[in-house]
Amino acid sequence: MTTREDAPGSTGGADVPGPLHGGPDDDYTPEQLAAMSREDLDLLGARYDGVQVLHTEPGPEPGSRLEKAAVRQVALTFALAGLAAFAAFVVYAGSGWFLPDWQWEITESGWSALFTPLIGALGGLSLVLVGVGMVLYTKKLLPHETAVQDKHDGSHFDRVTTGATLVGGLHNSGLARRKLITRTLVFMGSGVGLMLVMPLGGLIRNPNTGDPLGTTSWAEGVRLVRDDGSPIRPGDQVPGSLETVFPAVPGGNRQSDAATMLIRLRPEQVRVDRPRENQEDFGYGDYVAYSKICTHAGCPVSLYEQETSRILCPCHQSQFDVTRGAQPVFGPATRPLPQLPITVDDEGYFVARSDYIEAVGPTYWNRERI
Amino acid sequence: MARTATAPGVPTTRVGKAALEFDDRLIVAGPLRRTLNKVFPDHWSFLLGEIALYSFVILLLSGTYLTFYYDAAMTEVVYDGTYAPMRGLEMTAAYESTLYLSFDVRGGLFIRQLHHWAALMFVAAIVVHLLRIFFTGAFRRPRETNWLIGIALLLLAFAMGFTGYSLPDDLLSGTGLRIISAIILSIPVIGTWAHWAVFNGDYVGEEILGRLYIVHVLIVPAILLALIAVHLLLLVKQKHTQFPGPGRTEHNVVGNRLFPAFAGKAGGLFFIVFGVCAALGGLVQINPVWLWGPYNPAQVSAASQPDWYVMFLDGSTRLFPAWDINLPGNYTIPALFWPTVVLPGIIFTLMAAYPMIERKLTRDTASHHLLQRPRDVPVRTSLGMMALAFYVVLLISGGNDVIAEKFDISLNAMTWVGRIGLIIVPPLAYVFTYRICLGLQKHDREVLEHGLETGVIRRLPHGEFIEVHQPLGPVDEHGHGQLAYGGAPVPKRMNQVGGARRAIRGFFSPIEEPARVELEQQRSERGLAAAEADRELTSSGRPSDGGRPQEPRD
């Protein structure tokens with residue numbers, strides 16, 4: 001290491017160990033340190049870290065009533081914490097084993113509704129008591145000291161020297177002069193970057209292929225069936241009632257956009273019924289069918305108040321009037337619920353006359369275009 | 001270091017020898033001493049961030065346990081478990097595994113509820129911590145970076161919460177997911193493409209739960225962990241801020257050393273947070289998914305509410321009017337886009353940019369390590385209260401259907417209350433807060449100038465009654481205090497300056513000697529006894545005399 005011998009801060013010869021990591025071992029010999037008390041060593045180290053202990057209020061006097069009371073308190077807290085922890089363990093392990101009337105799972109002999117609450121109460125109590133015990137210990141039995149530590153701003157020396165190293169390295173690379181390398185680096189960087197994010201392209205799929213947002217499983221002649229698959233005839237429902245129906249296709253009752261409300265209007269409602277333009281014949285007699293998927297955020301609109309002819313979406317409270325073509329009358333929804341054109345087939349069951357003529361569910365950017 | 005056996009200071013105990021061996025290899029004594037000696041200021045509000053940190057630790061522990069049982073598959077299965085009401089029902093494997101871990105794993109329900117409660121606690125602690133940072137000005141230079149990291153952590157906590165409660169695939173979480181799907185669709189131009197990228201097709205598809213799962217258990221937690229590490233590292237590097245007070249300056253930290261006092265309290269707080277989450281997890285039922293049933297796109301239950309931290313967005317969605325924007329060429333910007341994407345975008349951008357905005361407006365570019373009392377910065381405090389009022393109106397509107405039902409109010413009226421309230425409550429909050437700040441400032445100055453009200457009424461020779469005031473420090477010839485306001489709390493009651501001796505400790509019988517307490521009291525710097533000596537009844541104790549209102553700082 002002869003090259004470093006005259007560098008500033010070097011300790012010189014090869015056989016002499018460099019300064020220790022951290023400590024000022026040159027200022028304090030082991031003999032000096034050995035002569036100091038533990039308290040002095042503690043304060044010395046603190047001072048070396050920029051900390052000055054201003055003031056120490058000793059804990060309670062050993063043997064005083066104050067100390068005994070605090071010790072009893074802390075010990076009691078820890079003891080109770082242990083007790084609660086063991087009790088929690090007994091409940092956990094004993095249920096369904098050595099505690100005869102305790103079952104943690106649902107069985108024929110019953111289920112202990114107290115299992116989870118007891119685990120929580122005892123376990124929680126135990127942990128809280130551990131914490132309280134620690135805080136009590138710190139507050140009541142430890143000496144209270146007030147310490148001050150200096151705050152250092154960034155060092156000018158560090159900034160200048162680090163800057164010199166960085167700029168020097170960059171300068172030595174000669175990149176500023178060697179333009180051909182810089183340009184190829186930019187070119188390479190963009191290419192490699194693009195190549196690395198390339199696999200994410202697998203996520204991109206065309207949402208317009210086959211217009212999945214604008215079509216459902218409803219089609220001409222598809223029967224309206226209940227959740228259990230049974231078809232519906234006119235007359236099955238009483239006036240004023242609503243039934244959720246699905247297309248009679250496999251899995252129709254689990255599709256996210258097919259759910260439809262079949263509503264039988266009351267005579268008073270039929271009298272004031274004003275369907276949307278060009279959709280006057282979408283209903284069948286006193287039956288109308290509207291999409292159940294809210295045009296606002298896609299929740300199923302479920303709450304039908306037949307006195308006011310309103311359907312309410314429970315998510316954001318959009319309200320639709322079924323006697324006015326399910327136009328929104330209050331709340332954040334902007335579009336009416338699409339109406340399903342229905343009729344009755346040869347066997348007298350409800351069928352769809354076609355798919356919905358517009359997209360069901362929430363609005364999107366190019367909804368009107370496809 | 002090789003030392004000879006005879007050198008002084010060589011450890012003789014077994015532990016000491018082991019420690020020497022350890023440090024010979026790892027050289028940790030120096031950094032460890034620096035860490036143990038680190039001084040932390042002591043104030044209850046500095047513990048709020050710690051609560052968030054500890055909740056996160058609990059979330060990692062309980063969440064890892066949950067992954068042993070949860071299955072993110074969306075394949076349809078028929079339930080055949082121990083919960084009788086569900087037997088024979090079709091559901092996804094994800095929902096079935098949630099039911100399994102709730103009913104067929106010993107203590108599984110407890111861990112699931114513990115996890116959910118800890119998640120609510122996590123976000124709540126972050127939000128309250130953020131408010132503390134905001135109102136005390138702790139985000140000012142040099143801590144803007146940590147403010148930004150904090151905002152990122154809050155957003156990630158949101159993402160964790162949302163992805164987490166979507167996983168069980170019950171009716172409630174499925175409804176939430178459906179709304180998210182609609183929100184993604186509502187983004188102009190790229191909405192449908194983004195939806196296809198996230199869901200791998202139309203709603204709901206087969207992939208989404210698996211993707212949410214990996215986001216929830218790997219991607220977001222990893223980023224959270226890394227950012228929390230940087231957050232804490234910066235805190236240690238820059239040192240904690242402190243409130244102004246005796247001996248506290250911009251260039252020091254006054255408080256307790258990490259070891260043992262601060263470590264003892266912080267460790268205690270961890271166990272208390274853990275205990276509270278555990279007690280809630282066992283005692284207070286949360287998200288009983290078996291009552292909601294499996295997700296079905298055709299079903300929903302009334303009063304479907306998200307977790308509390310998403311409720312303000314649910315509220316904004318309910319309040320926003322039905323304003324689709326139809327553009328030429330038959331393109332539409334759905335109304336849903338504004339309250340769910342634009343509004344939170346604006347809120348979080350403003351929040352993130354606030355330190356820069358304030359720096360621009362006040363032209364205060366100096367470094368600050370001393371905190372401000374909210375009253376001393378009335379504009380910022382009022383802006384904060386205004387934002388909070390805006391948030392609270394949205395939050396309440398997120399549950400307006402429940403309020404309407406419980407208090408028998410019209411639902412539509414509740415919506416209108418929210419819409420109008422959103423516009424008029426925040427400015428009112430600003431004005432009220434501003435006035436309150438000024439009033440508190442004025443009172444601080446008044447006490448410094450004229451002293452504390454003692455409650456002692458004295459009749460002057462000419463018949464006038466005055467209340468005797470206790471000055472806080474030396475007074476000039478007119479009896480006016482000469483203490484300047486230094487940004488620290490000003491005592492407002494006689495007992496705060498030792499007007500009454502503190503109670504002797506001991507429950508059944510005194511466990512300390514009254515004489516010692518007396519002595520201790522006299523030692524305390526601003527004790528009544530000290531002031532008694534040069535006590536002087538001011539000629540005019542009336543606070544109305546010469547109370548100069550201070551100009552607000554900004």
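This is a predicted model: local features need pLDDT of at least 70, side-chain atom pairs count only at pLDDT 80 or more; totals for chains, interfaces and linings use all residues.

Student: Why is A:Glu358 called buried?

Tutor: Its relative accessible area is 15%. Buried means under 20%, so A:Glu358 counts as buried.

Student: Which nonpolar surface patch is A:Leu200 part of?

Tutor: One that draws on both chains: A:Leu194, A:Val197, A:Leu200, A:Leu203 and A:Ile204 with B:Val189, B:Ile190 and B:Trp193. Together they have about 780 Å² of accessible area.

Student: How do you know that chain A and chain B share an interface, and how many residues are in contact?

Tutor: Contact means heavy atoms within 4.5 Å, and 91 residues of chain A are in contact with 107 residues of chain B. The area buried between the two chains is about 8,500 Å², with carbon and sulfur atoms giving 61% of that. On the chain A side, A:Lys151, A:Arg254 and A:Trp365 supply 12% of what that chain buries against chain B, more than any other three residues.

Student: What makes B:Arg33 and A:Asp49 a salt bridge?

Tutor: The N to O distance between their side chains is 3.0 Å. The cut-off is within 4 Å, so the pair qualifies. The rule finds 4 salt bridges across the interface of chain A and chain B.

Student: Which residues of helix H2 (residues 38–48) of chain A are buried, and what covers them?

Tutor: The buried ones are A:Leu44, A:Gly45 and A:Ala46. Their cover comes from both chains and includes helix H1 (30–35) and strand S1 (51–57) of chain A, plus helix H2 (29–36) and strand S4 (252–257) of chain B. After H2(A) comes A:Gly50, with a positive phi near 80°.

Student: Which residues touch the most other members of the largest nonpolar core?

Tutor: B:Phe122 and B:Leu224, in a core of 87 residues. Helix H5 (residues 108–136) of chain B gives the most to this core, 15 residues. There is also a second, separate core of 23 residues, with A:Ile263, A:Tyr304, A:Phe320 and A:Leu337 among them. Back in chain B, and leaving aside neighbours within four places in sequence, B:Leu224 is in contact with B:Phe56, B:Phe122, B:Leu153, B:Leu156 and B:Met160.

Student: What is omega for the peptide bonds called cis in chain B?

Tutor: For the bond from B:Arg141 to B:Pro142, omega is near 5°. For the one joining B:Phe259 and B:Pro260, omega is about 0°. B:Pro142 lies in the loop between H5 and helix H6 (144–166) of chain B, while B:Pro260 lies in helix H10 (residues 258–283) of chain B.

Student: What is phi for B:Asp169 and B:Lys239, and are they buried or exposed?

Tutor: B:Asp169 isn't a glycine, yet its phi is positive, about 60°. B:Lys239 has a positive phi too, near 65°. With 7% relative accessibility for B:Asp169 and 12% for B:Lys239, each value is under 20%, so both count as buried. B:Asp169 is in the loop between H6 and helix H7 (171–185) of chain B, and B:Lys239 is in the loop between helix H9 (208–238) and S4 of chain B.

Terms used: Residues are numbered from 1 along each chain as its sequence is written. Chains are lettered from A and ligands numbered from 1 in the order in which they are written. Side-chain values use heavy atoms; hydrogens and water are left out. A nonpolar core is a set of buried Ala, Val, Leu, Ile, Met, Phe, Trp, Tyr and Cys residues joined through side-chain atoms within 4.5 Å. Buried means under 20% relative accessible area, exposed over 50%, partly exposed in between (1.4 Å probe, protein chains only). Helices (H or I, at least four residues) and strands (E, at least two) are DSSP runs, numbered from the N terminus. Patches are made of residues with over 30% relative accessible area and no salt bridge: like charges are joined within 9 Å, nonpolar side chains (Val, Leu, Ile, Met, Phe, Trp, Tyr) within 5 Å. Accessible areas come from the Shrake-Rupley method with a 1.4 Å probe; for residues, only the protein chains shown count as cover. Buried area is the accessible area (1.4 Å probe) that two parts lose on being put together, summed over both.
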